[in-house]
Amino acid sequence: MKLATYKNNTRDGKLMLVSRDLTQTIEVADIASTMQQALDDWAQIQPALQDRYEQLNAGSLKAETFDESLCESPLPRAFQWADGSAYVNHVELVRKARGAEIPASFWTDPLMYQGGSDDFIGPRDEVLLPSDEWGIDFEGEVAVITDDVPMGVAADKAGDHIKLLMLVNDVSLRGLIPGELAKGFGFFQSKPSSVFSPVAVTPDELNDAWKENKVHLPLVSHYNSALFGKPEAGEDMTFDFAQLVAHAAKSRNLGAGAIIGSGTVSNKQGTEHGSSIEEGGVGYSCIAEVRMIETIRDGKPATPFMSFGDSIRIEMFDRDGKSIFGAIDQVVKSSIAK
């Protein structure tokens, strides 16, 4: 099943069912008016949505053309947004670039931060920021949405609570990160509003690409219209989504609609550092990784971060080359009126 949220001048938008091929959509207010309402009572509401979804795909309903530009993030705001760092290769590069080794615990205990969840950006909306001197970066990720998760849930049970998946652009301000981390309290100003794909999908929509609580497909990023990365999301993922959900629920309950992110998708690609598209590799899911590798190889970074006017497109395709979640497709612009 594929779900989206259309803008309608309310905070939470209106829930839409979207056809498997992303061409048709229908409103389902008689079943659930918002994504959060559906998640709050998922066990009861999901069967009715599934039945309507099958009718939509069969062409037996009067539908309208699906327009990704009308979408909010599937959850325009959420009670919980916790982002992990499941690809330890990414963390290892960050630390190696500054001459530090990663602690052994990073391979057994996930990193995770609690992000701002009250003001997500629509997948086709501009990313508005006050300055492009703060090291603006995109981070291509995968995320899951859960139902109610009990505190202390075991990892082998946590996967049962994963109800939807979507893509993420975890916007980061790299220039602000060092100062914040030095305070010992973690990210805040350096992690502005995140962005999610137009469509959220149930795991079964991925068929055999969803296994072991991982998505086994490339995450494709185009930066200023040029292919930047296509790393395989199922490879080099040290912690799967069930483990990430269990980690987040170690000492607290997670409410329905909690979003848990994978962290930047990153592959070693069989080499020490990975390689760019131009070098015949699978590339990267953020600019910071390129800069880290440049620092390790050349002693200093050469690739600049994003400037106002730069664009990023993040998408994932099935084995037949069809878009699964729609595309995050955005331009970074100044939030200060001229």
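Leaving aside its neighbours within four places in sequence, E315 is in contact with L167, P218, L219, V220, S323, G326 and A327. The model is predicted. E315 sits in strand β19, which covers residues 311-316. The structure holds 16 salt bridges and zero disulfides.

**E315**

- With a relative accessibility of 9%, E315 falls under the 20% limit and therefore counts as buried.
- The side chain of E315 makes a polar contact with the side chain of R313, at 3.2 Å.

- Five strands make up an open sheet, in the order β7-β20-β19-β16-β17, and their pairing is mixed.
- β7 and β17 (226-229) are the edge strands; each has a single partner strand, so one side of each has no neighbour in the sheet.
- From one strand to the next, the twist averages 25°.
- Within this order, β19 stands between β20 and β16.
- β16 (residues 219-223) pairs with β19 in the antiparallel sense, over five bridges.
- S221 stands opposite I314 in β19.

- β2 and β3 are paired in the antiparallel sense over three bridges.
- L17 has I26, in β3, as its bridge partner.
- The hairpin of β2 and β3 has five residues between the strands, and in this hairpin L22 takes a positive phi near 65°.
- β3 also pairs with β4 in the antiparallel sense, over two bridges.
- T25 stands opposite E64 in β4.

- β9 and β10 (residues 162-169) pair in the antiparallel sense over seven bridges.
- The bridge partner of T146 in β10 is I162.
- β9 and β18 (residues 259-261) also pair in the antiparallel sense, over three bridges.
- The bridge partner of A143 in β18 is G261.

**Salt bridges**

- Side chains of opposite charge can pair when their charged atoms come close.
- R77 and D12 meet through their side chains in a salt bridge, at 2.8 Å from N to O.
- R77 lies in the loop between β4 (64-65) and β5 (81-84), and D12 in the loop between β1 (2-6) and β2 (14-18), so the pair ties together parts that are 65 residues apart in sequence.
- R77 counts as partly exposed at 35% relative accessibility, and D12 counts as partly exposed at 24%.
- K14 forms a salt bridge with E27, with the closest N and O atoms 3.5 Å apart.
- K14 belongs to strand β2 and E27 to strand β3 (residues 24-27), so this pair ties together parts that are 13 residues apart in sequence.
- K14, at 23% relative accessibility, is partly exposed; E27, at 41%, is partly exposed.
- E68 forms a salt bridge with R124, with the closest N and O atoms 2.5 Å apart.
- E68 lies in the loop between β4 and β5, and R124 in the loop between β6 (112-114) and β7 (127-129), so the pair ties together parts that are 56 residues apart in sequence.
- E68 counts as buried at 16% relative accessibility, whereas R124 is partly exposed, with a relative accessible area of 29%.

**Cysteines**

- C71 is buried, at 0% relative accessibility.
- C286 is buried, at 0% relative accessibility.
- The structure holds zero disulfides.

Note on methods: Residues numbered from 1 in each chain as written. Predicted model: local features only at pLDDT ≥ 70, side-chain atom pairs only at ≥ 80, totals over all residues. Heavy atoms only, no water. Helix = DSSP H or I, 4+ residues; strand = E, 2+ residues; numbered from the N terminus. Buried < 20%, exposed > 50% of the residue type's maximum accessible area, 1.4 Å probe, protein only. Polar contact = N/O pair within 3.5 Å; in protein donor to acceptor, adjacent residues only side chain to side chain. Contact = heavy atoms within 4.5 Å. Salt bridge = Lys/Arg side-chain N within 4 Å of Asp/Glu carboxyl O. Disulfide = S-S within 2.5 Å. Pairing = 2+ DSSP bridges. Axes fitted to C-alpha atoms, helices over the stretch in contact; angles between N-to-C directions.
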